[in-house]
Amino acid sequence: MVRLVLASPIAVATRGEREIEIEFEGTLRGLFDLVTNRYGKPFQQRIFEGDGALKRFVNVYVNGEDARYLRGLDTPIPRDATVDLLPAIAGG
Amino acid sequence: MGYVRGLRCRACGAEFPAVQLAVCESCFGPLEVTYELSAVRDSFRREELKDRPRDLWRYRELLPVLDESARVDLAVGFTPLRRAADLGEALDVREIWVKDDTVNPTYSFKDRPVAVAVAKAREWDLPAIGCASTGNLAAATAAAAAKAHLPCYVFAPASLEPAKLLVPRIFGATVVPIEGTYDDANRIALLTADRRGWGFVNINLRPYYAEGSKTLLFETWEQLGFELPDVIVVPLGSGLLLTSLEKGVRELRELGEVADPPRLVGTQAAGCAPIVQGFESPDGRPKPVKKPETVAESLAIGDPGSGFEAIQAMRATRGFADAPNDPDILDGVRLLARAEGLFTEPAGGTTVATLRRAREDGRIDRDERVVLLITGSGLKTPAVWRDAFQSLAPISPNSTAVDAYLEGLHHG
């Protein structure tokens with residue numbers, strides 16, 4: 001199972017659910033398509049810009065690695081991956 | 001009595017009440033505190049400021065703490081603004097001032113934002129506080145937590161200088177040493193704060209935390225006789241210090257206290273310069289750095305949370321961004337120590353190095369009045385000097401041996 005973890009501010013996109021388990025294997029884009037099917041347009045609108053890019057203020061981590069340092073939305077997601085969606089707030 | 005109006009998103013402008021909210025609920029952008037400035041204007045008067053306590057609470061109308069009893073009093077702020085005439089001569093600048101924040105309770109400017117964040121944590125009765133830190137924030141949070149009788153959890157890279165991991169433990173904090181970079185520590189701190197309901201000062205208390213830093217700007221304004229300088233050189237980690245200063249300027253302008261904003265100049269080490277690279281790129285977005293490599297550990301944040309806003313602020317004020325390399329940074333530390341008797345950590349050397357470079361290529365003019373922010377003490381980072389001086393072999397305690405030693409020595 002893929003484990004999707006959303007920080008509480010981001011979880012408004014999933015009606016407050018902060019940990020979601022999903023049977024999935026594929027790419028990050030495919031995973032987000034699946035989550036969009038489940039939670040509808042509000043998820044998509046909150047996480048993505050109009051042009052399909054991730055919003056500037058959302059960071060995605062696949063097994064602890066920032067997806068920007070991997071292959072972005074094409075990053076492979078193995079079936080036991082943990083994917084974190086966190087607000088982009090780093091540093092003091 | 002507070003003058004807070006609420007929170008506003010810097011990105012989309014959405015407004016919220018002043019509750020415990022880390023980011024904008026509609027776009028996840030950064031939030032800032034807003035005030036009822038017309039009410040502030042009535043009591044935030046120059047003549048009244050003079051008689052107030054010499055700490056950061058003298059600007060209380062523009063700080064978001066509603067319950068005065070929630071403050072912990074560590075005598076933070078109102079640090080010296082020193083005229084640096086010898087440094088000015090060395091760098092060919094007519095008027096340099098150094099804002100010496102090494103004299104705060106835990107020897108860095110981080111005591112300022114922490115003072116506000118911890119007061120909010122107490123107002124909201126949070127069970128524990130913490131932070132993700134490159135070192136300075138760890139000490140500041142731990143000290144304030146001790147005084148507030150709150151448990152404190154510090155998430156930091158395990159590879160930090162030993163002194164920076166030791167100090168918070170002396171204050172009684174629990175250090176969680178994370179394998180990896182600051183950004184790894186920050187990510188896991190964010191998840192932990194979220195799961196456990198703790199208040200992490202630079203994460204879920206961030207909009208309030210940021211307010212403490214702008215007192216550096218208010219003090220500079222007051223100490224220069226209620227004037228702002230032409231240029232402020234600011235070290236950049238996350239970029240939040242610079243955006244807080246910009247907010248302070250904006251508030252003083254809206255109160256009618258100042259006219260033109262100073263040029264805000266940001267500086268990072270070349271080995272971790274995501275904001276500087278973003279400043280130089282057309283899209284103005286920070287360029288994340290996966291593995292920072294620099295002696296300026298306190299600035300080594302690869303994915304700076306306030307980088308975009310810092311770039312906008314530098315552009316809007318006709319400032320610039322600069323990234324000196326490590327040897328230049330250490331030369332800057334040495335120059336400040338030898339010219340002004342002030343020992344800064346590498347972050348302060350970064351500001352000196354940038355001023356030097358900007359004089360060489362004319363980005364800062366000789367006649368501009370410049371303020372350098374010296375945000376942390378050099379005593380915290382002795383390890384960066386490990387290879388800079390010859391080791392000291394003991395000399396026999398007699399005059400012949402001492403004479404022989406002194407004659408064989410390069411002085412200085």
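Mentor: One definition to start: a residue counts as buried if 20 or more other C-beta atoms lie within 10 Å of its own. Keep in mind that this is a predicted model.

Trainee: What share of the 92 residues in chain A is buried?
Mentor: Apply that cut-off of 20 or more C-beta atoms within 10 Å. Over the 92 residues of chain A, the buried share is 36%.

Trainee: Which pattern does chain A follow along the sequence?
Mentor: Chain A holds 2 helices and 7 strands. Read along the sequence, the order is β-β-β-α-α-β-β-β-β.

Trainee: Why is chain A as compact as a globular protein of its length?
Mentor: The C-alpha trace spans about 35 × 30 × 25 Å along its principal axes. For 92 residues the globule rule gives 12 Å; chain A is close to that, so it is as compact as a globular protein of that length, with a radius of gyration of 12 Å.

Trainee: Which helix gives the most to the side of chain B that touches chain A?
Mentor: The contact takes 22 residues from chain A and 29 residues from chain B. On the chain B side, 6 residues come from the top contributor, helix H7 (residues 182-196).

Trainee: How do H5(B) and H6(B) run, roughly parallel or roughly antiparallel?
Mentor: Helix H5 (residues 136-148) and helix H6 (residues 162-170) of chain B have axes 8 Å apart, at an angle of about 10°. Angles under 35 degrees count as roughly parallel. So H5(B) and H6(B) are roughly parallel.

How values were computed. Residues are numbered from 1 along each chain as its sequence is written. Chains are lettered from A and ligands numbered from 1 in the order in which they are written. This is a predicted model: local features need pLDDT of at least 70, side-chain atom pairs count only at pLDDT 80 or more; totals for chains, interfaces and linings use all residues. Two residues are in contact if their C-beta atoms, placed from the backbone, lie within 7 Å. Helices (H or I, at least four residues) and strands (E, at least two) are DSSP runs, numbered from the N terminus. Axes are lines fitted to C-alpha atoms, for helices over the stretch in contact, and angles run from 0 to 180 degrees between N-to-C directions. Angles under 35 degrees count as roughly parallel, over 145 as roughly antiparallel, 65 to 115 as roughly perpendicular and the rest as oblique. The radius of gyration is taken over C-alpha atoms; the globule rule is 2.2 Å times the number of residues to the power 0.38. A residue is buried if 20 or more other C-beta atoms lie within 10 Å of its own, exposed if 12 or fewer, and partly exposed in between; C-beta atoms are placed from the backbone.
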